[in-house]
Amino acid sequence: MPFLSADNSQITRKQSFRSLEMVKVDMDKEFDLQPFGVDYGRLENGLVYYVKCNPKPKKRAALALAVKVGSVLEEEDERGVAHIVEHLAFSATKKYTNHNIVKFLESIGAEFGPCQNAVTSFDETVYKLLVPIDKPELLSEAIQVLAEFSSEIRLSKDDLEKERGAVMEEYRDNRNASGRILDAYWTSMMEGSKYAERLPIGLENLIKTVSSQTLKQFYQKWYHLCNMAVIAVGDFSDTKSVIELIRTHFGHKYLALDPPPIPHFPVPSHEDPRFSYFVEPEASGSAVMISYKMQADEVKTVKDYREMLVKSMFRIALNRRFFKISRRKDPPYFSCSIAAYVLVRQLKAYIMTSSCKEKGTLEALESMLIEVARVRLHGFSEREISVVRALLMSRIESAYLERDQMESSSLRYEYSQHFTDNKPIVGIEYEAQLQKSILPEILASEVSKFAEKLWTSCSCVIQIVEPQASARSDDLKNIVMKINKLEKERSISPWDDEHIPEEIVNSKPNIGNIVQQHEHVNIGATELILSNGMRVCYKCTDFFNDQVLFTGFSYGGLSELPESKYFSSAMGSTIAEEIGVFGHRPSVLMDMLAGKRVDVDMEVRAYRRTFYGDCSPFYLETALQLVYQLFTTNVTPDDEVIKRVMQVEEEAILARERDPYTSFANRAREINYGNSYFFRPFRTSDLRKVNPLKACEYFNTCFKDPSTFTVVIVGNINPTVALPLILQYLGGIEKPPEPIFHFNCEYIKGLPFKFPKTITREVVSSPMIEVQCMVRLCFPIELKKGTLEEEIHYTGFLSKLLETKLLQLLRFKHGQIYSASVSEFIDGDLPCLTGDIRGDVRINFSCDPKISLKLVDIALNEILRLQEEGPSDQDVTTILEIEQRAHENGLEENYYWLNRILCSYQSRIYSGDVGTSFKILDEGRSKVRKSLTPLTMQLALQRIMPRKNQHTVVILMPQTSWSKRLRSIPQWTLHGIDPKILAAIAGLTILALSLRRYSQKS
């Protein structure tokens, strides 16, 4: 949270955080209201602007129009109007019609998508663009688009009718279990305020019936330049020219003579806690939420800033206690945390949330309240606060080190917050100096004192969520009174902390050595073969000063296992992680790593075992120590841990069964991939097959033999420092006397996919509280070995083409969906597998169930049209531009390079030289890009996705009567299926589904 503006000229930009001098802090010093480090001003017509030169990402600009107008300004007959106006901004303005703004954005490689380009909240609406600026005219036109939003949105009757369906679909998407729970909680939190009845999505009836005239009245009443700010952050040569562009496009707009002031809507406080007991049959689990509302912080002075740090320390310290409690024997909850949220303007809340076992909400509530009371009675220990202090110091150090490498979109967000919420902006250098000076002075007693703000008599709201009722509201009140009584009697014992070892590795391993070394100039990477057989490839970058990423992998995984061993082995990594795969229990390791910017994890999947992580260059040794511990630790079953893990898994299974989407997802998976135990999710009966001892034994073989692993490291690496650490902790892993998990192309076993060979269509009916409908179309694909890499690139381009065209058709032309996604899945592009590669292209969208079959026809006909006629020149130009922009951004990211190098190792073309495979892959991309024309795209569609031969359609529908369902079946005859066959299928389906439903009830 970058605050503070001060005279920091004495701080050189090259100075390291650790050499920053601590300063004498004047607590009464006020921060400058002027935002630091940005050209800030106001035009004569009242428009505020923020302009900042920032080189990350290169040749890009993050733009925004922030408007202090949100849903709380709506009248009763306008509920949802602010959000609809935001939608229609991209539909048509005075200059741009027929979604030409979207077409412009896509044509320059700036993708358009849900929540990417605009957001409407209670108090503001923000329009956002991330555009390339390598051509001078692009920045000017993008700013002109924002200018159109400010006063020229058309809001015609035709525009509104075309967009209603998309808005309704967004509304429907929110009417699931999570949406209902949050809506109920919000209403309880905001009771007595206008905010309680002004959810931005609005009311269903008004979305369906509101007139364009009502939209125009709202727009004309509130959208005034004095309520707006333009934000431009990007790789500009200078700021003056950008400010002139803002003047050009906004300066001629007039200032309204008498614009209405933005009113303030207070949220009343209350002494008595509010209790909400919410039964949600589709809930993902049982949960408890406790909120304490209070005025939002106003950080005007150094003293305010210090108080903000104290509150942050309180949250972190309490969260660490919650985590440790969740790892105890018979814990009261599976997870619990506290966070601070700004709810609306001038109001924030500290919200504690826990998930727990079914019928365990009262126990969870009691534990959460007791922990806050324990802090009030006994406080945090100095050791706890020293850990928190180290964490905060580490975070500000990382921010300081990367102060010149912030993303433009992050800075855009900060300037938007400054405008809408008056959050001060200051130089990170001064903030780092302040934190370094203030944090050591904050005592445990001061942090503990904040618990006094969290009494249940301080505007507290308590909500219990359960899938089926097991308690009453009176039970919640009784628990509150019980804890108050215990605290008054001082019957709550102090916190009992556990011993924390000093060192992660007890004794350092013997140092390995380098057997071979190769320089891959085209990658800018060095490859080492260590004496224990491990292969290490590292690439030094300067994209981020405080980031090093790494991934290690070895072939062989769950695909090798028969069903008798699968379930125990599949649970192995979950069980092992809770026991402690790095030689220490998770709750202990958390404290050992406090203040160290390092994170390491692992996973065991079908074909590979992988460890991965990221760290600061300062803590590369710690990260490699954890990898060493992963290879040298043997986990053994712990009854308490096993019981807790199994309980969590069982609750997750029950939650999936309550979700209407589960039957849809399971059936779609079965139709498209077969019914192997590899593909279906765990059931409670599968859990009973898990042998904890066998699970641990399997996991202990997964990360043992270093000679089978390849490790890729990318980031701010100093080889002089890193190489000795690599040889110590990676080279020091002993190679076992007998090979473990040695696989090559003759031994590894592919997953038993059974891709459909015919056209399959099915409606999955699921009981649900509110109507939801999801459509999934899958096209099996088969890529031939001879042209494999080119075909993979073609498949990626085809997916982007289909996503763009279906969005244009279903969203912008027909106005019946909110979003559509197209993704490709490819199985078997590995050096250790032979044969042709199989997979599918998957299309997903949600819609009104009444028109789902119609939209499926439209989507299929569009694919058929593209196969027969091909895309347009503009279509091809658009997807090439989108892909190129994404590629250019990626070249400045460590994650992108890490994945490219990993793909070079893991692609089937790899034969021992990663530089060569990287070159082939790169050339393959360039070759496909150069060859892309409407004709080659058309031929690729015909070749890769022959729709006439095979595809599947699975639709999730609300459960209806059998007569209605039978009446809908003949619509499928449009695709050439004989009605008699359909009738027979229908009869068998009814019988099968009836038996299935009966068995589930039993």
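Guide: Before the sheet is described, one term is needed: two strands pair if DSSP finds at least two bridges between them. Please also keep in mind that this is a predicted model.

Visitor: In what order do the 6 strands of the open sheet follow one another?
Guide: The sheet is open and its pairing is mixed. Read across the sheet, the strands come in the order 1-2-6-3-5-4.

Visitor: Which residue of strand 5 is the bridge partner of alanine 64?
Guide: Strand 3 and strand 5 (residues 125-132) run antiparallel and are joined by 8 bridges, while strand 3 is also joined to strand 6 (residues 228-234) by 7 bridges, again antiparallel. On the strand 6 side, leucine 63 stands opposite alanine 232. On the strand 5 side, the partner of alanine 64 is lysine 128.

Visitor: How many residues of strand 3 are buried?
Guide: In a regular strand the side chains alternate between the two faces of the sheet. Here Arg60, Ala62, Ala64 and Ala66 are buried on one side, and Ala61, Leu63, Leu65 and Val67 are buried on the other. Strand 3 (residues 60-67) is therefore largely enclosed by the rest of the structure, the buried count being 8 of the 8 residues.

Visitor: Which residue of strand 5 stands opposite alanine 118?
Guide: Strand 4 and strand 5 run antiparallel and are joined by 3 bridges. The residue opposite alanine 118 is tyrosine 127.

Visitor: Which residue of strand 11 stands opposite isoleucine 290?
Guide: Strand 8 (residues 286-295) has 9 of its 10 residues buried, so it is largely enclosed by the rest of the structure. It pairs in the antiparallel sense with strand 10 (residues 347-356) over 10 bridges, and methionine 289 stands opposite threonine 353 there. With strand 11 (residues 460-466), strand 8 pairs in the antiparallel sense over 6 bridges, and the residue opposite isoleucine 290 is isoleucine 462.

Visitor: Is arginine 403 buried or exposed?
Guide: Arginine 403 lies in the loop between helix 11 (382-401) and helix 12 (408-421), and a polar atom of its side chain is 2.6 Å from the backbone oxygen of tyrosine 400. Its relative accessible area is 12%, and the cut-off for this class is under 20%. Arginine 403 is therefore buried.

Visitor: At what angle do helix 9 and helix 13 pack?
Guide: Val302, Tyr305, Arg306 and Leu309 in helix 9 meet Tyr430, Glu431, Leu434, Gln435 and Ile438 in helix 13, and the crossing of helix 9 and helix 13 is right-handed. The axes of helix 9 (residues 302-326) and helix 13 (residues 428-438) are 11 Å apart, and the angle is about 65°. That makes helix 9, relative to helix 13, roughly perpendicular.

Visitor: How far does the backbone oxygen of arginine 172 lie from a polar atom of the side chain of glutamine 772?
Guide: Glutamine 772 is found in the loop between strand 19 (760-766) and strand 20 (774-783), and at 5% relative accessibility it counts as buried. Leaving aside neighbours within four places in sequence, its contacts include Arg172, Arg175, Tyr661 and Met957. The backbone oxygen of arginine 175 lies 3.1 Å from a polar atom of the glutamine 772 side chain, and for the backbone oxygen of arginine 172 the distance is 2.8 Å.

Visitor: Which residue follows helix 17?
Guide: Helix 17 (residues 572-579) is mostly covered, with 6 of its 8 residues buried, and what covers the buried residues includes helix 16 (563-570) and helix 20 (639-658). The residue after helix 17 has a positive phi, near 130°, and is glycine 580.

Notes: Residues numbered from 1 in each chain as written. Predicted model: local features only at pLDDT ≥ 70, side-chain atom pairs only at ≥ 80, totals over all residues. Heavy atoms only, no water. Buried < 20%, exposed > 50% of the residue type's maximum accessible area, 1.4 Å probe, protein only. Helix = DSSP H or I, 4+ residues; strand = E, 2+ residues; numbered from the N terminus. Polar contact = N/O pair within 3.5 Å; in protein donor to acceptor, adjacent residues only side chain to side chain. Contact = heavy atoms within 4.5 Å. Axes fitted to C-alpha atoms, helices over the stretch in contact; angles between N-to-C directions. Parallel < 35°, antiparallel > 145°, perpendicular 65-115°, else oblique. Left-handed = near helix turned anticlockwise from the far one by under 90°.
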